[in-house]
Amino acid sequence: MSLLDATGVGKSFSGISALSDVSLDVDAGEIVGLIGPNGAGKTTFFNCLLGILPPDSGRITFDGRDLRGVPTFKRARMGIARTFQRIELFVGMSPREHLLVAERARNRSGALWKDVLHLGGASAAEAARVQEMLALLGLEADADRPVEALSLGVGRLVEIGRALMTEPRLLLLDEPSSGLDRDETAELAAKLTVVQQERELAVLLVEHDIEFVRSLAARLFVLDFGVLIASGTTDEVFADAAVRKAYLGDLV
Amino acid sequence: MADLVAAVLRGLSFGSVYALLAVGLVLAFRTTGVFNLAFGPQAFLTAAVYYDLHVTHGWPMYVGLFVAVIVVSPLVGLLLDRLLFRFLRNASEAARLVSVLGLYVAIPQLIFLWFGTNAHSNAEGIVPGGSVTYKLMDGVFVSRDDIAIVVGGLVAFGGLTLLLRRSALGLRMRAVVESTRLTELAGVDAERSSMASWMLSSGLAGFAGVLLAPVFAGQVDYLSYQTLVVAAIAASVVGGLNSIALAYAGGLGLGVLQQILSVYLPTNSVLASGLRPALPFVVLFAVLVFLPGLSRRRAVTDPLAGVDPPPPALAASERDPYFTRLTHIFAVVFFAGVGYWLFFHASGRWVDLAVRATIYAVIFLSITVITGLAGQVSLCQATFAAVGACATAQLAASSGMSVLVAMLIGAAIAAAVGVVVAVPALRLGGIFLSLATLAFAYFFSQVIYPLGWVSGGSRQPDVPRPLLGPVDFGPRHDKAFLVLALVVLAVVGTLVIWIRSGTTGRYLDAIRGSEVAAASIGISVNRMRILAFAVSAAIAGLGGGLMASFERSPNVVSNFPPEIGLVWIVLVVTLGARTVEGAIQAAIGFIFIAAVLLPTWVPWLVNLQPWYHMEALPIGLQTVLFGLGALTYAKHPEGILEFNKRKSYAFFSRHIGPGRKKRDGTGGGAPEPVPAGSAS
């Protein structure tokens, strides 16, 4: 059985169908790409997976558990983490604090009574895990600067680090390369590969950058106008005529 | 039948005024992004000007109307825009709300200075011979005033709809709210269209103000304007603060409903006597909680908001330890001196004031939690304090338990009430949450408080002072009570600091930074906010209980009316909502300005003004100061205290500090924040 299994997911906004009958699965430990032109419904699908939008039809299971009616924060606790296309960082906090908050949220070590008794500080083990993640992502130099002072590329890494601190089994990446230049994208791909292999993480990658997807994903799903038009291994999909027409245009 | 028709007709004229104000609120919100709570006071101002010109000074009706509605009230709007709101255009929703609250508490007091606080009678409407009535059927009459109100409302509604839908100006005004910066990039002069919005909406408030007097039997009285604005808020929320047509319909509906209820509800039941005056609040709360769609409407986020510099960290986090030690030594010496003087030399009055300031500091820490840490503007903090006061009083008076235990239970009850308010309100967020808390504050004071088991009926319960073994905190031992209050303040202040620096504070910071991102790492946003509400309500309740014990009576009506909660918010946020010092200084200001500075200085000010014709000073004059203080919030959203700390530290590190030389090379302690957008 797959780790994530979405069957026949549909969603429409006041009569306009954004997704219809989309089925997708991700196995443990693999990287799967979800591609499609702008407006194809990729982000809507993401929001359905995370419980930000309720799907009108279909069924989504994670690790065999039906996700219907499970709020976003509980899905996060079950092991689904994500990053955002328009980065969503905690204004005023440093990367270290971002990771620490995520670490504590995972441990659920935050309790009001502990704060009230002044036991709310980070334990040595937690601080060490944060340091480890900072090192893994190469964020040590920027660890204590406020996030507003960081470049977009570093911001994306902070988001990935924050997501990884929750020890997810499935990581949803929403266009991680958008706004990054060629070098930054290559660096991001390299770091993602390292992390993914080290943790045997499943990744669902929504992406525009074809090279980036090709270098990472083993399997692809292609959405166009809310309909799944192709799926299979990366090479098969790129060979598919319909995909080339919808996504890459006639010229390619 | 005739009763019903008469009630509906009366309701239509009431409702037209509600509708007119509601339409003005929606217009202002859609075209300026500001939810203008000061609308009622603005309407009152115009009505007062008109009354003064026409009735007091005998100017002809239309000249008076022209000056009041066409000249004065748009001018007020223009002034507000130039002096205040243009600085707030890119500010957060909370910043705008606090500034408006400042106006809401300051404007009426300024009007009282010249117009007096008592109701003025024999006011006239906008048509001559307004009280002339026409008979429609048996027992049903309409007056010229009624007709003028309904027609005036319709004309204003139609005109605005056309303006917003069809005109270029309307389009520009709507665009400026979405993103001032984007609109300016598109070549629109945002300044001018915002000025136009303010003048127009203010004019509308003025128009509603002069229409209103005849509905209230020719009385110009601030109280009716206050209720009015709540009704108008309820009507505007019906339209989601977005639809002018729904706001208009909501206003009419509310007016009619109110009049029908007053005919058909039995007059002697508790329900009727409680519900009738509170209907607008009940409707507001119900609409907020039950209207679907509101929850999905999030605050307008500016796509270019990323270019704003981030809020600075607490000043203390970037000072060098030497300076911090110096200020700590100074603080200890100063407070030891004040303490010595209070205990050995000061008169009883000063001790009394010091106790009050300490208790208010405790209460204000509740605002530090809910607004400073959780980022929510709650307008019912006075209600939580009132709950604590009532619970302490009832428990101590009826069951004879120790008053200290009663205070703690009172705090727990206040926390429970906080949860009850927070659970339905939290799915709203932003301005709607604040409005729901405001509705609850009025609902409590008008419906729940008068119940016998809450207030103790006509006879207020006697609350004892605490007695702890050999230590007596009784009425002859105010100094002992002062120590008790200081201990409570120290404990609560320490807890707030621990919560701020602990995990709870970090989670709340994360939620303020980004709700979706916080949820994506497994933080339950609602649970954290409910927790913040509960803690905040408990602190306010504890303060209320202390005050009840100190005054030996709950005194809810004089100490904790709903409006005072707005003054508190304004004061604390102005001085600094993130820090404990902010709450303490706000409390000192709250007590001493009213009790010491104003009585000394105001008579002197009054003597300077020969035209000042009031016998007694308006009680709430200090709120003018506090309210106007909120206007500085636009420039220093971190609070005046933090701003000054930063300034004094900058001075220190430039001229005195040991790290002076070293610092010159590196260019300051903290890294200069770079806007996120420009770095990418």
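What share of the contacts in chain B between residues at least 6 apart in sequence join residues at least 24 apart? The figure is 80%. Keep in mind that this is a predicted model.

## Chain B at a glance

Chain B runs to 680 residues, and 50% of them are buried. Its secondary structure comes to 28 helices and four strands.

Chain B splits into two domains. Domain 1 is built from two stretches, 2-116 and 138-291, while domain 2 covers 356-641.

## Where the two domains of chain B meet

The contact between these domains draws on 34 residues of domain 1 and 37 residues of domain 2 in chain B. On the domain 1 side, three helices of chain B each put in at least two residues: α4 (93-115), α9 (222-238) and α11 (270-290). Which of them gives the most to that side? That would be α4(B), with 16 residues.

## A helix pair in chain B

Now for a pair of helices, α15 (403-425) and α21 (525-551) of chain B. Two packed helices are described by the angle between their axes and the distance between the axes. Here the angle is about 145° and the axes of α15(B) and α21(B) sit 7 Å apart. The crossing of α15(B) and α21(B) is right-handed.

Sort the residues in the contact of α15(B) with α21(B) by class and you get 21 nonpolar, six polar and one charged.

## A loop residue, B:Ala577

B:Ala577 lies in the loop that links α23 (562-575) and α24 (580-607) of chain B. Is B:Ala577 buried or exposed? B:Ala577 counts as buried because 28 other C-beta atoms lie within 10 Å, and the cut-off for being buried is 20 or more.

Who does B:Ala577 touch, leaving aside its neighbours within four places in sequence? Its contacts are B:Ile367, B:Thr368, B:Thr371, B:Gly372, B:Val572, B:Gly582 and B:Gly639. B:Tyr322, by contrast, is 25 Å from B:Ala577, C-alpha to C-alpha, and the two are 255 residues apart in sequence.

## Strand pairing in chain A

Opposite A:Gly10 you'll find A:Ser57 in β4(A).

## How chain A meets chain B

The contact between the chains takes 36 residues from chain A and 31 residues from chain B. Which elements of chain A give two or more residues to the side that touches chain B? They are α2 (72-78), β6 (80-82), α3 (95-107), α4 (112-116) and α6 (152-165) of chain A. The largest share on this side comes from α3(A), which supplies five residues.

By class, the side of chain A that touches chain B holds 17 nonpolar, nine polar and 10 charged residues.

Terms used. Residues numbered from 1 in each chain as written. Chains lettered and ligands numbered in written order. Predicted model: local features only at pLDDT ≥ 70, side-chain atom pairs only at ≥ 80, totals over all residues. Contact = placed C-beta atoms within 7 Å. Nonpolar A, V, L, I, M, F, W, Y, C, P; charged D, E, K, R; others polar. Buried ≥ 20, exposed ≤ 12 C-beta atoms within 10 Å, placed from the backbone. Pairing = 2+ DSSP bridges. Domains from an automatic or database assignment. Axes fitted to C-alpha atoms, helices over the stretch in contact; angles between N-to-C directions. Left-handed = near helix turned anticlockwise from the far one by under 90°.
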